[in-house]
Amino acid sequence: MLSTMHEVTAAEAASRAYRHRGVASAREVVALLGGARVDAAGLRMGKDYLAHQMELAAGLECDLPADAAQLTAWIEQRAQQVGEQYEQYLAQRRDGAGRRFFSSRAHALHFLVTVAPTKLVDGAWLYGSLRCWADPLARPLVLTYLEELGDGVPEMNHVAMYRHLLARHDGDMHLPQDDTFYVQAAIQLALGHHADQLLPEAIGFNLGYEQLPLHLLITAYELNELGIDPYYFTLHVTIDNAASGHAAKAAAAVVDAAAAQADPQDFMRRVRRGYLLNDLGASTTDIIAGFDIDGEVVRMLAGKARYGSHMHSDYCRFGGKTVNQWLQDPGSTADFLAELEKSKWIERGRAADDSRFWRLIERAGGEMFGVFDSYEKQLLKDWIEQGWTDAPPIRSFRAAARLRERQAGVAPASGTLGTHGAASPASHVPGDLAGLVAQLSPGRHHTPAGLAATRAFSALYRAQ
């Protein structure tokens with residue numbers, strides 16, 4: 001997902017497993033449908049997976065109106081409710097309440113990493129609508145997909161933006177392993193590669209996904225507080241608005257398509273079936289609530305143990321064992337940390353710089369300098385400092401950006417890619433719309449060639 005070689009290797013492994021077992025995990029679907037090359041076996045796997053997920057979703061309660069004429073009122077009511085809930089949240093914060101979602105910066109980064117499988121296929125469910133570009137009923141979906149792709153501008157391509165956000169914090173090296181975190185990505189990819197055949201379901205999924213949720217507003221607010229660029233999330237707050245944004249376009253797509261059907265009731269049944277797919281997999285709030293900093297520190301250090309179990313001298317002993325002996329048993333990581341605390345190498349509840357263990361990691365010349373990346377160091381730092389009452393306040397991302405702007409005399413780079421993933425300034429790729437579709441696939445559109453093809457497709461399509 002994050003590199004061509006990784007994508008190819010993962011796709012080949014997933015294809016072999018699918019042929020052998022005849023069943024697919026969410027991660028296997030993502031590996032096969034999220035890469036630059038998608039073959040017939042991958043498409044079959046995605047279709048089978050999607051059919052199974054639709055069976056699971058069929059048993060869920062659905063709040064979507066069965067009558068398309070009621071959608072406008074339904075969307076307005078939801079938008080009003082979210083607005084009121086967000087105002088209550090802001091009032092609580094003004095009155096001194098703490099953050100609702102993220103207990104620390106490490107918690108926020110863990111969230112960014114854990115939701116990454118879904119964010120790295122942003123908009124994928126609409127890909128198949130490009131094959132219906134000649135159908136006026138598909139136009140709202142096509143335009144929404146092009147906007148998800150930033151119309152070929154790398155700084156506005158949602159997947160490119162999220163890749164850059166992850167890479168900035170070394171989060172691209174820590175994607176989750178549990179299959180449940182890949183369910184939504186698998187659904188969106190499978191739906192996207194078959195949206196031309198399942199257009200009502202794609203329309204329904206799009207309607208649900210483009211509604212502005214409360215958690216998006218709170219996430220953006222608290223990421224900024226913690227000094228993390230919230231632009232990917234604030235962008236979705238603005239473009240998904242119910243007045244003229246993606247939420248409004250999603251509703252218009254349902255209303256127009258339903259009016260053109262010979263059997264509007266059956267059409268809406270399928271729309272509702274696609275809408276319910278949004279409720280499968282790990283939810284944002286569940287992911288946030290599931291963070292346990294103690295468990296994450298132990299898991300991270302245990303993963304490092306096998307690489308460092310023969311690289312330490314016997315100079316220091318903790319609990320009667322050398323560092324190498326501790327590291328040879330990753331299952332004893334929690335006990336090893338307890339011994340480091342007991343020996344005062346780690347001073348919990350105080351500034352990280354007060355801990356000898358941290359100084360070995362963070363300071364230039366330290367024996368463990370470079371062993372931990374920025375994501376891992378943030379996790380360790382917040383774990384050590386947990387409960388520290390005199391910790392200095394964190395400067396918000398926007399405040400830090402304004403400070404950099406004043407110091408450098410240039411505009412801050414919030415939400416931009418800089419030189420990362422930038423496409424060449426070439427304006428158009430020759431060819432008709434149908435010939436460009438493959439380059440706009442979920443596994444290609446964020447690449448230089450895909451961005452150029454998106455610019456060409458967007459110019460040709462919008463000129464019609």
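What share of the contacts in the protein with a separation of 6 or more comes from residues 24 or more positions apart? The figure is 73%, where a contact means heavy atoms within 4.5 Å.

Before the details, the ground rules. This is a predicted model, in which local features need pLDDT of at least 70 and side-chain atom pairs count only at pLDDT 80 or more, while totals for chains, interfaces and linings use all residues. Residues are numbered from 1 along each chain as its sequence is written, and side-chain values use heavy atoms, with hydrogens and water left out.

Confidence next. pLDDT is the predictor's confidence in each residue, from 0 to 100. The protein averages 88, and 88% of the residues score at least 70. Residues 1–5 have a pLDDT below 50, and this stretch has 12 contacts in the model beyond near neighbours in sequence. Another such stretch is residues 418–430, where pLDDT stays under 50 and the model has 22 contacts beyond four places in sequence. Where pLDDT is low, the predicted coordinates should not be read in detail.

Now the overall make-up. There are 23 helices and 2 strands in the protein. Helices (H or I, at least four residues) and strands (E, at least two) are DSSP runs, numbered from the N terminus. Of the 464 residues, 51% are buried. Buried means under 20% relative accessible area, exposed over 50%, and partly exposed in between, with a 1.4 Å probe and protein chains only.

Take helix α9, residues 183–193. Why is α9 described as largely enclosed by the rest of the structure? Because 11 of its 11 residues are buried. Among them are Val183, Gln184, Ile187, Leu191 and His193. The cover over the buried residues of α9 includes α2 (26–33), α3, α6 (116–119) and α10.

That brings us to α10, residues 199–209, which packs against α14, residues 264–276. Two packed helices are described by the angle between their axes and the distance between the axes. Here the angle is about 50° and the axes are 6 Å apart, which makes α10 oblique to α14. Axes are lines fitted to C-alpha atoms, for helices over the stretch in contact, and angles run from 0 to 180 degrees between N-to-C directions. Under 35 degrees counts as roughly parallel, over 145 as roughly antiparallel, 65 to 115 as roughly perpendicular, and the rest as oblique. The crossing of α10 and α14 is right-handed, that is, the near helix is turned clockwise from the far one by less than a right angle.

Last, salt bridges: a side-chain nitrogen of Lys or Arg within 4 Å of a carboxyl oxygen of Asp or Glu. How many does the model have by this rule? The count is 19. One of them joins Arg78 and Asp63, at 3.3 Å from N to O. This pair links distant parts of the chain, with Arg78 in helix α4 (residues 71–94) and Asp63 in the loop between α3 (40–57) and α4, 15 residues apart. Arg78 is partly exposed at 27%, and Asp63 is partly exposed at 44%.

Glu341 and Arg348 form another, with the closest N and O atoms 3.7 Å apart. Glu341 has a relative accessible area of 28% and Arg348 one of 27%. For Asp354 and Arg350 the N to O distance is 3.5 Å. Both count as partly exposed, Asp354 at 35% and Arg350 at 38%. Finally, Arg93, Glu222 and Glu225 are linked in a network of salt bridges.
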